[in-house]
Amino acid sequence: MIEIERKFLVTSQQFKTEAIRKTRIKQGFLNTDKARTVRVRLKGEIGFITVKGASTDDGLSRFEWENEISKTDAEALLKLCETGIIDKIRYDIEVGNHLFEVDEFFGDNTGLIVAEVELSHPTEIFKKPNWLGKEVTGITKYYNSELSKNPFKNWNS
């Protein structure tokens, strides 16, 4: 139940032509404490509740527990979430032996596109697609829980 992932900015729209799947996601946070976040997500027609622990110092890994819930339960829980619901489309792209999840954000986070790749160990080598930009692993402002409180639209003001 340890998630190991690296996060990157995306430099072009090319990833869209390589996607094998895209899904609309709405998510909110019942708790955004840095030691533990509790997320509710509606991914297409399927709901999820997720608990994440604090990240390691390098931002590469943290505890993650996730369980599927009904769409009805997810919709009800989203109404209880803290202010700042995240709205995005996730594109799944296979690159070599890895799956990149690219999130294109909307609403207050329009203009932000972030790619994540999950790894089996922190030093795992992976092929980088040409649309992958600057690495932002461990930079907390790119965490969805932080984007819900301090959205991308506010970063340059």
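Leu-112 touches Leu-9, Asp-103, Glu-104, Phe-105, Tyr-142, Leu-147 and Phe-152, not counting residues up to four places away in sequence; contact here means heavy atoms within 4.5 Å. This residue belongs to a predicted model, in which local features need pLDDT of at least 70 and side-chain atom pairs count only at pLDDT 80 or more, whereas totals for chains, interfaces and linings use all residues. Residues are numbered from 1 along each chain as its sequence is written, and side-chain values use heavy atoms, with hydrogens and water left out.

**Two buried residues**

Leu-112 is found in the loop between strand S7 (98–105) and S8. Helices (H or I, at least four residues) and strands (E, at least two) are DSSP runs, numbered from the N terminus. With a relative accessibility of 3%, Leu-112 counts as buried. Buried means under 20% relative accessible area, exposed means over 50%, and partly exposed lies in between (1.4 Å probe, protein chains only). The C-alpha atoms of Leu-112 and Tyr-143 are separated by 12 Å, and the two residues are 31 residues apart along the chain.

Ser-148 lies in helix H3 (residues 144–149). At 8% relative accessibility, Ser-148 likewise counts as buried. Apart from its neighbours within four places in sequence, Ser-148 is in contact with Phe-29, Thr-32, Thr-83, Gly-84 and Ile-86.

Strand S1 (residues 2–10) is mostly covered, as seven of its nine residues are buried. Two strands pair if DSSP finds at least two bridges between them. The table lists the pairings of S1.

| Partner of S1 | Sense | Bridges |
|---|---|---|
| S5 (residues 61–69) | antiparallel | three bridges |
| S8 (residues 113–118) | antiparallel | five bridges |
| S9 (residues 132–135) | antiparallel | two bridges |

Individual residues show how these pairings are made. Glu-3 has Arg-62 as its bridge partner in S5. Phe-8 has Ala-115 as its bridge partner in S8, and Phe-8 also stands opposite Glu-135 in S9.

**Aromatic rings and charges**

A pair of aromatic rings is described by the distance of the centres and the angle of the planes. Rings of Phe, Tyr and Trp (its six-membered ring) pair if their centres lie within 6.5 Å; planes under 30 degrees apart count as stacked, over 60 as edge-to-face and the rest as tilted. A search of the whole structure finds seven aromatic pairs. One of them joins Phe-15 and Tyr-91, whose ring centres are 5.1 Å apart and whose planes stand at 80°, so the pair is edge-to-face. This pair links distant parts of the chain, with Phe-15 in helix H1 (residues 15–18) and Tyr-91 in strand S6 (residues 86–95), 76 residues apart. Both Phe-15 and Tyr-91 are buried.

The rings of Phe-152 and Trp-155 are also edge-to-face, because their centres lie 5.0 Å apart and their planes are at 70°. Phe-152 has 26% relative accessibility and therefore counts as partly exposed, while Trp-155, at 19%, counts as buried. One aromatic cluster is formed by Phe-8, Phe-15, Tyr-91, Phe-100, Phe-126 and Trp-131.

A charge sits over a ring if NZ of Lys or CZ of Arg is within 6 Å of the ring centre and within 35 degrees of the ring normal. Lys-141 lies over the face of Trp-155, at 4.3 Å from the ring centre. The charged end of Arg-62 sits over the ring of Tyr-143, 5.0 Å from its centre.

**Pocket and cavity**

On a 1 Å grid over the protein atoms alone, a cavity is a set of points where a 1.4 Å probe fits but cannot get out, and a pocket is an open set with protein on both sides within 12 Å along at least five of seven lines; lining residues have an atom within 4 Å of a point. Grid points are joined across faces, edges and corners, and a volume is the space filled by probe spheres set on the points.

The largest pocket has a volume of about 320 Å³. Its lining comprises 22 residues, of which Glu-3, Arg-39, Arg-41, Lys-52 and Glu-64 lie nearest its centre. Strand S3 gives the most to the lining of this pocket, with four residues.

The count comes to one cavity of 30 Å³ or more. About 90 Å³ of space lies in the largest cavity. Among the residues that line the largest cavity are Glu-3, Arg-62 and Tyr-143. The largest share of this lining, three residues, comes from S1.
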